[in-house]
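Okay, thanks for coming, everyone.

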Amino acid sequence: MLRVRVDEDIRPLSEFRAGVATFVKQIHETRRPMVLTQRGRGVAVLVDVQEYERMQERLELLEEVYKAEEQIASGEGISHEEAKARVLGRLEK
């Protein structure tokens with residue numbers, strides 16, 4: 001995902017309400033998130049649907065990595081050689 005451009009992608013909620021279609025088009029075209037503010041504070045971030053789905057996929061992968069690291073730390077892991085042997089054994093069947 002591209003970084004927020006402060007001069008273009010941070011907008012007051014009231015301005016967003018007045019031009020929803022324009023802002024949605026901007027988000028879709030630039031693939032950059034938009035930060036909405038209310039009383040000068042960030043209240044929401046809008047992202048393109050495809051970008052959101054990519055973020056979700058990355059989060060799921062990271063969760064799997066963290067889970068694997070926890071399993072290894074608790075002694076539940078197996079050696080590389082054993083893992084390789086198991087995979088090769090399944091492929092030969």
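So, let's start with Glu 15, which is partly exposed at a relative accessible area of 33%. For the cut-offs: buried is under 20% relative accessible area, exposed is over 50%, and partly exposed is in between, with a 1.4 Å probe and protein chains only. Before I go on, this is a predicted model, where local features need pLDDT of at least 70, side-chain atom pairs count only at pLDDT 80 or more, and totals for chains, interfaces and linings use all residues. Residues are numbered from 1 along each chain as its sequence is written, and side-chain values use heavy atoms, with hydrogens and water left out.

Back to Glu 15: its salt-bridge partner is Arg 11, with the closest N and O atoms 2.7 Å apart. A salt bridge here is a side-chain nitrogen of Lys or Arg within 4 Å of a carboxyl oxygen of Asp or Glu. Arg 11 is partly exposed too, at 21%. How many salt bridges does the whole structure have? The search finds five.

Another one pairs Lys 25 with Glu 29, at 3.9 Å between the closest N and O atoms. Both sit in helix H3, four residues apart, about one turn of the helix. Helices, by the way, are DSSP runs of H or I with at least four residues, numbered from the N terminus. Lys 25 and Glu 29 are both exposed.

Now helix H4, where Glu 51 and Arg 54 are three residues apart, again about one turn. They form a salt bridge with the closest N and O atoms at 2.5 Å. Is Glu 51 buried or exposed? Glu 51 is buried, at 6%, while Arg 54 counts as partly exposed at 36%.

Next, Gln 26 in helix H3. Gln 26 counts as buried because its relative accessibility is 16%. Leaving out residues up to four places away in sequence, Gln 26 touches Glu 8, Asp 9, Arg 11, Arg 31, Arg 32 and Met 34; contact means heavy atoms within 4.5 Å.

Last stop, Tyr 66, which lies in helix H4. Tyr 66 is partly exposed, with a relative accessible area of 45%. Leu 59 is also found in helix H4, and Leu 59 counts as partly exposed at 45%.

Notes:
Helices (H or I, at least four residues) and strands (E, at least two) are DSSP runs, numbered from the N terminus.
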